[in-house]
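Student: I am new to this structure and would like to go through it step by step. Where should we begin?

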Amino acid sequence: MIRPVPPSHPAYLRVVRTSAWYDLVVTAAFATPWTYALVHDALSKLGDALELGTLPALDPIETLYANLMGSVVVVWALLRIINPLPAHGLYDGLARTLFSTWQAYALAHGAPRWLWVFLAAEMALGIVQLAPWWRTRHTDLMNPPAGQPLGDAGR
């Protein structure tokens, strides 16, 4: 079993930076209308070729939402690449939980099956970034400072 390192450990900051690089590579093309059109076409052709489903026809509102998401994720990724902090991993793990939830919702409602690949990556990176926080919280609850009853740690 792989033991998660504490959020303050340098290895954890490497995980935060690695997840940021993943986001930058996967999401940068969503940040502009021109690059999103290319990604949209490529994903649809790949999904069609693999019989995993295609995207609906490109429209201005879908493009807008893709560009907004891509722009925010690119900025968030750059922050974590340039200055990774333990709190960035916590917040990124929480954001990945939300992204995973909405991807699962989309899959349950007929989204192309190739979305499973992205869902798996979101879930894996989310778990890797949240596990150290859960372990730290659990350890703190089980080992409160002297004089504090069990469960009152950190109050």
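Student: Which nine residues make up the largest nonpolar core?
Tutor: A nonpolar core is a set of buried Ala, Val, Leu, Ile, Met, Phe, Trp, Tyr and Cys residues joined through side-chain atoms within 4.5 Å. Buried means under 20% relative accessible area, exposed means over 50%, and partly exposed lies in between (1.4 Å probe, protein chains only). The largest such core consists of Phe30, Tyr36, Val39, Leu43, Ala66, Leu107, Trp114, Leu115 and Leu119.

Student: Which element gives the largest share of this core?
Tutor: Helices are DSSP runs of H or I with at least four residues, strands are runs of E with at least two, and both are numbered from the N terminus. Two or more core residues come from each of α2 (33-49) and α5 (115-142). The largest share, three residues, belongs to α2.

Student: What kind of model is this?
Tutor: Residues are numbered from 1 along each chain as its sequence is written, and side-chain values use heavy atoms, leaving out hydrogens and water. Local features need pLDDT of at least 70 and side-chain atom pairs count only at pLDDT 80 or more, while totals for chains, interfaces and linings use all residues, since this is a predicted model.

Student: Over which residues does pLDDT stay under 50?
Tutor: pLDDT is the predictor's confidence in each residue, from 0 to 100. The protein chain averages 89, and 85% of the residues score at least 70. Where pLDDT is low, the predicted coordinates should not be read in detail. In this model, pLDDT stays under 50 over residues 149-155.

Student: In which element is confidence highest?
Tutor: The protein chain has five helices and zero strands. Mean confidence is lowest in α5, at 85. It is highest, at 98, in α3.

Student: How many residues line the largest pocket?
Tutor: A pocket is found on a 1 Å grid over the protein atoms alone: it is an open set of points where a 1.4 Å probe fits, with protein on both sides within 12 Å along at least five of seven lines, and lining residues have an atom within 4 Å of a point. Phe30, Met69, Phe99, Gln103 and Leu115 lie nearest the centre of the largest pocket. Helices α1 (10-27), α2, α3 (60-82), α4 and α5 each supply at least two lining residues. The lining has 33 residues.

Student: How much space lies in the largest pocket?
Tutor: Grid points are joined across faces, edges and corners, and a volume is the space filled by probe spheres set on the points. For the largest pocket this comes to about 1,100 Å³.

Student: How many residues of this lining are nonpolar?
Tutor: Ala, Val, Leu, Ile, Met, Phe, Trp, Tyr, Cys and Pro count as nonpolar, Asp, Glu, Lys and Arg as charged, and the others, Gly among them, as polar. The lining has three polar and five charged residues. Its nonpolar residues number 25.

Student: Is Asp92 buried or exposed?
Tutor: Asp92 is in helix α4 (residues 86-108). Contact means heavy atoms within 4.5 Å, and beyond four places in sequence Asp92 is in contact with Ser19, Asp23, Trp76, Arg80 and Gln129. Because its relative accessible area is 2%, Asp92 is buried.

Student: Is Glu62 buried or exposed?
Tutor: Glu62 lies in helix α3. Beyond four places in sequence, Glu62 is in contact with Tyr36, His40, Pro56 and Ala57. With a relative accessible area of 19%, Glu62 is therefore buried.

Student: Is Glu51 buried or exposed?
Tutor: Glu51 lies in the loop between α2 and α3. It has a positive phi of about 55° although it is not a glycine. Its relative accessible area is 64%, so Glu51 is exposed.

Student: What separates the C-alpha atoms of Pro7 and Trp134?
Tutor: Pro7 is in the segment before α1 and is buried, at 7% relative accessibility. Not counting residues up to four places away, Pro7 touches Tyr12, Leu13, Pro86, Pro132, Trp133 and Thr136. Pro7 and Trp134 are 127 residues apart along the chain, and their C-alpha atoms are separated by 10.0 Å.
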